Amino acid sequence: MRFPLLLLFLVLILPACKSPQTSTDRPPNLVLILVDDLGYGDVGFNGCQDIPTPHIDRLAAAGVIFTNGYVSYPVCGPSRAGLITGRYQDRFGFSRNPLFAPNDPDMGLPVAEETIAEVLHKVGYKSAALGKWHLGAHESQRPLVQGFDDFFGFLTGGHRYFPKDYTLADEYEVNSQYAAYRTKLLRNETRIEETEYLTDALSREAVNYIEKYQGNPFFIYLAYNAPHAPMEATDKYLDRFPHIENKRRRTYAAMVSAVDDGVGRILDQLEALHLEENTLVVFLSDNGGPEHVNGSDNGALRGRKGDLFEGGIRVPYAMKWPGEIPAGLRYDEMVSSLDILGTMAGQQAGGNPAKNPLDGVDLLPFLKGAADGLPHNQLFWKKVDQQRHAIRRGTDKLISFQDGPQLYDLGEDIGEANNLVEQQAAKVKGLEEAWEAWNANNQDPVFLGLLQDSLYSTLHPNRFTRPND
Ligand code: CA
């Protein structure tokens with residue numbers, strides 16, 4: 001009677017063979033979609049009128065819209081260093097926008113820091129970094145040595161969009177900071193030939209890596225360089241905006257629309273592979289819009305990229321995780337880009353796997369109404385070279401300039417038009433003291449930045465020289 005025995009065997013063994021990848025017993029995947037220099041007012045969910053963003057809005061409608069979502073710095077590099085480590089970048093001296101310096105092991109993220117990918121690798125995740133890196137071009141700082149299993153993209157702070165415009169064979173054909181925008185793309189450590197418009201290529205790669213990794217918990221870090229300058233778009237997207245007369249705004253709209261299509265492809269892929277229920281999808285910009293450069297619009301917010309006014313640091317920010325985050329939620333308390341790692345660390349069954357203390361927190365208990373209090377009582381910003389800093393506590397926002405502080409009540413004055421510093425001297429003092437206490441635990445910058453480009457080149461005459469040349 002061998003057959004019934006086989007049946008018995010199957011009955012006993014099958015439960016043990018149950019896939020470990022069902023949504024109930026596997027930690028969530030993370031798809032982190034970071035866009036570059038997108039204005040606060042330039043998504044449908046923040047009221048944009050002239051650029052439809054149906055897919056970004058679909059993402060936001062399925063989860064939470066953060067109306068008071070901040071990044072930790074108003075330009076690309078330091079903002080990314082904060083986001084990817086869950087820690088204020090000032091903790092480890094990443095307080096400037098790094099230069100492209102492929103021979104310099106100190107020009108980027110210090111190796112003692114852990115990226116989201118490194119933290120999640122310890123608990124079994126596979127990770128891919130796609131698009132803009134900007135956390136160091138030296139071989140010791142690239143994505144594959146910072147916890148990622150795969151990389152497709154470029155190392156510097158921006159890139160040309162049309163393949164015919166980026167023809168430099170590698171980083172040693174670069175001879176100036178912005179020439180790095182013209183290098184061929186990397187797949188892992190190999191330069192490749194690309195044929196598609198860059199934004200479309202990055203969307204394609206995200207869709208493919210989701211498929212490749214679907215058997216594991218995974219993290220896709222999709223860092224579009226759009227809509228960062230140079231302003232370049234294909235007719236496919238430009239033709240959607242005949243009604244926009246301003247040429248810069250029209251090209252910007254086309255670039256945002258390309259990103260929006262990509263977000264749609266990614267959401268569709270998650271649904272097609274039945275991964276939707278167990279994937280946290282996050283969308284945000286790395287800083288506010290540089291309205292004068294790329295035609296972006298920060299809406300009611302004062303200032304732009306680079307500023308500590310709200311227009312520099314408050315960004316379009318939404319996330320969804322069906323079943324965990326209620327759909328249609330609008331959350332008005334302060335949250336930070338630093339909270340993305342905090343949130344993922346909070347979802348791991350064995351406890352927080354990060355070795356360094358995080359400044360970000362797990363947002364889930366707040367979004368589900370399970371936690372009292374606020375994710376953050378205060379948030380801080382520091383611009384070293386400009387000798388400028390800021391703190392927000394509740395609705396109070398203090399910005400300290402070299403010629404003195406300015407105080408605004410964001411609850412009444414989102415446009416930061418009414419400086420209350422004369423009327424509220426005691427409050428100003430308290431906020432300054434809180435900022436100083438926070439700053440006491442920070443490090444001085446560990447590298448020269450974009451503002452010191454020519455000084456750096458003078459000090460490092462072999463900046464772009466191939467080693468062994
Ligand atoms: Ca940026």
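Modeller: Start with the labels. Helices are DSSP runs of at least four residues, strands are runs of at least two, and both are numbered from the N terminus. By that scheme, His-134 sits in the loop between strand E4 (126-132) and strand E5 (150-154). One caution: this is a predicted model.

Colleague: How many helices and strands are there in the chain?

Modeller: The chain has 13 helices and 16 strands. Its radius of gyration is 23 Å, close to the 23 Å that the globule rule gives for 469 residues, so the chain is as compact as a globular protein of that length. The C-alpha trace spans about 90 × 60 × 50 Å along its principal axes.

Colleague: What share of the 469 residues counts as buried?

Modeller: The share is 59%. Now look at contacts with a separation of 6 or more. Residues 24 or more positions apart account for 70% of them.

Colleague: Back to the loop with His-134. What is the phi of His-134?

Modeller: First the general idea. Most residues other than glycine have a negative phi, and most peptide bonds are trans. Phi of His-134 is positive, near 65 degrees. His-134 counts as buried because its relative accessibility is 6%, and the cut-off for buried is under 20%.

Colleague: Which loop holds Asn-188?

Modeller: Asn-188 is in the loop between strand E6 (186-187) and strand E7 (190-191). Asn-188 also has a positive phi, about 55 degrees, although it is not a glycine. At 21% relative accessibility, Asn-188 counts as partly exposed.

Colleague: Now helix packing. At what angle do the axes of helix H5 and H7 cross?

Modeller: Angles under 35 degrees count as roughly parallel. The axes of H5 (residues 198-213) and H7 cross at roughly 10 degrees and come within 9 Å. H5 and H7 are therefore roughly parallel to each other. On the H5 side, the contact includes Thr-199, Ser-203, Ala-206, Val-207 and Ile-210. On the H7 side, Ala-258, Val-259, Gly-262, Ile-266 and Leu-270 are among the residues involved. By class, the H5 contact with H7 has seven nonpolar, four polar and four charged residues.

Colleague: And how do the axes of H2 and H7 cross?

Modeller: The axes of helix H2 (residues 54-61) and helix H7 (residues 247-272) cross at roughly 50 degrees and come within 7 Å. H2 and H7 are therefore oblique to each other. H2 contributes Pro-54, His-55, Ile-56, Arg-58 and Leu-59. From H7, the contact residues include Asp-260, Asp-261, Val-263 and Leu-267. The class count for H2 with H7 is five nonpolar, two polar and five charged residues.

Colleague: How far apart in space are Gly-288 and Tyr-70?

Modeller: Read the two separations side by side. Gly-288 and Tyr-70 are 218 residues apart in sequence and 9.5 Å apart in space, C-alpha to C-alpha. Gly-288 lies in the loop between strand E9 (279-285) and helix H8 (291-294). Gly-288 counts as buried, with 0% relative accessibility. Among the residues Gly-288 touches are Asp-37, Leu-38, Asn-298 and Lys-305.

Colleague: Where is Phe-464 found?

Modeller: Phe-464 is in the segment after helix H13 (453-459). Phe-464 counts as buried at 15% relative accessibility. Phe-464 and Glu-173 are 291 residues apart in sequence, yet 7.7 Å apart in space, C-alpha to C-alpha. Phe-464 touches residues including Phe-100, Pro-102, Tyr-172 and Val-174.

Methods: Residues numbered from 1 in each chain as written. Predicted model: local features only at pLDDT ≥ 70, side-chain atom pairs only at ≥ 80, totals over all residues. Heavy atoms only, no water. Axes fitted to C-alpha atoms, helices over the stretch in contact; angles between N-to-C directions. Parallel < 35°, antiparallel > 145°, perpendicular 65-115°, else oblique. Contact = heavy atoms within 4.5 Å. Nonpolar A, V, L, I, M, F, W, Y, C, P; charged D, E, K, R; others polar. Buried < 20%, exposed > 50% of the residue type's maximum accessible area, 1.4 Å probe, protein only. Rg over C-alpha atoms; globule rule 2.2 N^0.38 Å. Lists of a residue's contacts leave out its neighbours within four places in sequence.
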